[in-house]
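Me: Hi! I have a protein model open and would like to talk it through. Can we take it piece by piece?

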Amino acid sequence: MSSNTEADDPTRIAFMCVQNAGRSQMSTAFAEREREQRGLEDRVEILTGGTHPADHVHDEVIEVMNEAGFDLSDQTPREISLEELRSCDYVATMGCSTLDVGDVGDEVDVRDWALEDPDGQDLDRVREIRDDIEQRVKSLFDEISTAE
């Protein structure tokens with residue numbers, strides 16, 4: 001790692017969607033685990049939020065994440081601001097975003113993961129979405145680790 005100022009700033013990643021009640025919550029849980037496993041707690045900041053947050057995380061998401069060893073039952077969907085998104089290095093949207101990517105600016109690497117909404121899906125389908133998210137998060141962390 002170089003010692004210039006920019007290298008000392010943590011990499012900021014946001015996982016966002018409309019409700020912040022399913023895909024972005026799963027992404028955040030996997031990202032927090034990746035960050036810990038890779039020893040990047042002081043190098044990577046993780047944000048999550050929605051443009052129109054729901055009241056609670058979807059029940060089927062809580063259930064399949066519980067199977068994977070995560071307890072999301074106490075997570076509360078929150079709103080994410082344009083200012084927060086502009087401060088990020090990477091923003092992963094879940095395919096349902098009302099975000100106009102142009103509003104965020106050219107400095108942010110925006111990824112649209114185009115994931116199906118788990119809300120109301122049967123558990124097998126929600127598990128498939130969960131596993132897809134886990135792989136995408138790992139790939140993103142591989143990329144970030146290489147970039148440092």
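Me: Which residue is the bridge partner of Ala-92 in β4?
Reply: That is Arg-111. Keep in mind as we go that this is a predicted model. The two strands involved, β3 and β4 (residues 109-112), pair in the parallel sense over 4 bridges.

Me: Which way do the residues of β3 point?
Reply: Tyr-90 and Ala-92 point one way, while Val-91 and Thr-93 point the other way. In a regular strand the side chains alternate between the two faces of the sheet. As for burial, all four of these β3 residues are buried.

Me: What about β1 and β2, how many bridges join them?
Reply: There are 7 bridges between β1 and β2, and the two run parallel. To give one spot to look at, Met-16 stands opposite Gly-49 in β2.

Me: OK, so in what order do the strands sit in the sheet?
Reply: The order is β2-β1-β3-β4, which makes an open sheet of 4 strands with parallel pairing. β2 (44-50) and β4 each have a single partner strand, so they stand at the edges with one side left without a neighbour in the sheet. On average, neighbouring strands here are turned by 15° against each other, direction ignored.

Me: Which helix packs on the sheet and touches β1 and β2?
Reply: That one is helix α2 (residues 23-37), and its direction makes about 170° with that of β2. There is also helix α6 (residues 123-147), which lies across β1, β2, β3 and β4. Helix α6 runs at about 160° to β1.

Me: Can we zoom in on one residue? Is Ile-13 buried or exposed?
Reply: Ile-13 is found in strand β1, and it counts as buried because its relative accessibility is 0%. Leaving aside its neighbours within four places in sequence, its contacts include Val-44, Ile-46 and Leu-47. Tyr-90, Leu-140, Phe-141 and Ile-144 are also among the residues that Ile-13 is in contact with.

Me: How far apart are the C-alpha atoms of Ile-13 and Thr-28?
Reply: They are separated by 9.4 Å, and the two residues are 15 residues apart along the chain.

Me: New topic: helix α3. Which of its residues are buried?
Reply: In α3 (residues 59-67), Glu-60, Val-61, Val-64 and Met-65 are buried. They cover an arc of only 125° around the axis, so they are on the same side of α3. Asp-59 and Asn-66, on the other side of α3, are exposed.

Me: What do the buried residues of α3 pack against?
Reply: They pack against α2 and α6.

Me: Now charges! How many salt bridges are there?
Reply: The count comes to 16 salt bridges. Side chains of opposite charge can pair when their charged atoms come close. One of the pairs is Glu-67 with Arg-127, where the closest N and O atoms are 2.7 Å apart. Glu-67 lies in helix α3 and Arg-127 in helix α6, so this pair ties together parts that are 60 residues apart in sequence.

Me: Are Glu-34 and Arg-38, which form another salt bridge, buried or exposed?
Reply: Glu-34 is buried, with a relative accessible area of 5%, whereas Arg-38 is partly exposed at 30%. Their closest N and O atoms are 2.7 Å apart.

Me: And which salt bridge does Arg-125 form?
Reply: Arg-125 forms a salt bridge with Glu-128. The two are 3 residues apart in helix α6, so about one helical turn separates them. Both are partly exposed: Arg-125 has a relative accessible area of 25% and Glu-128 one of 47%.

Me: Last one: which residues do salt bridges with shared partners join into one network?
Reply: Those are Glu-67, Asp-124, Arg-127, Arg-130 and Asp-131.

Technical notes
Residues are numbered from 1 along each chain as its sequence is written. This is a predicted model: local features need pLDDT of at least 70, side-chain atom pairs count only at pLDDT 80 or more; totals for chains, interfaces and linings use all residues. Side-chain values use heavy atoms; hydrogens and water are left out. Buried means under 20% relative accessible area, exposed over 50%, partly exposed in between (1.4 Å probe, protein chains only). Two strands pair if DSSP finds at least two bridges between them. Axes are lines fitted to C-alpha atoms, for helices over the stretch in contact, and angles run from 0 to 180 degrees between N-to-C directions. Contact means heavy atoms within 4.5 Å. The arc is that of the directions from the helix axis to the C-beta atoms. A salt bridge is a side-chain nitrogen of Lys or Arg within 4 Å of a carboxyl oxygen of Asp or Glu.
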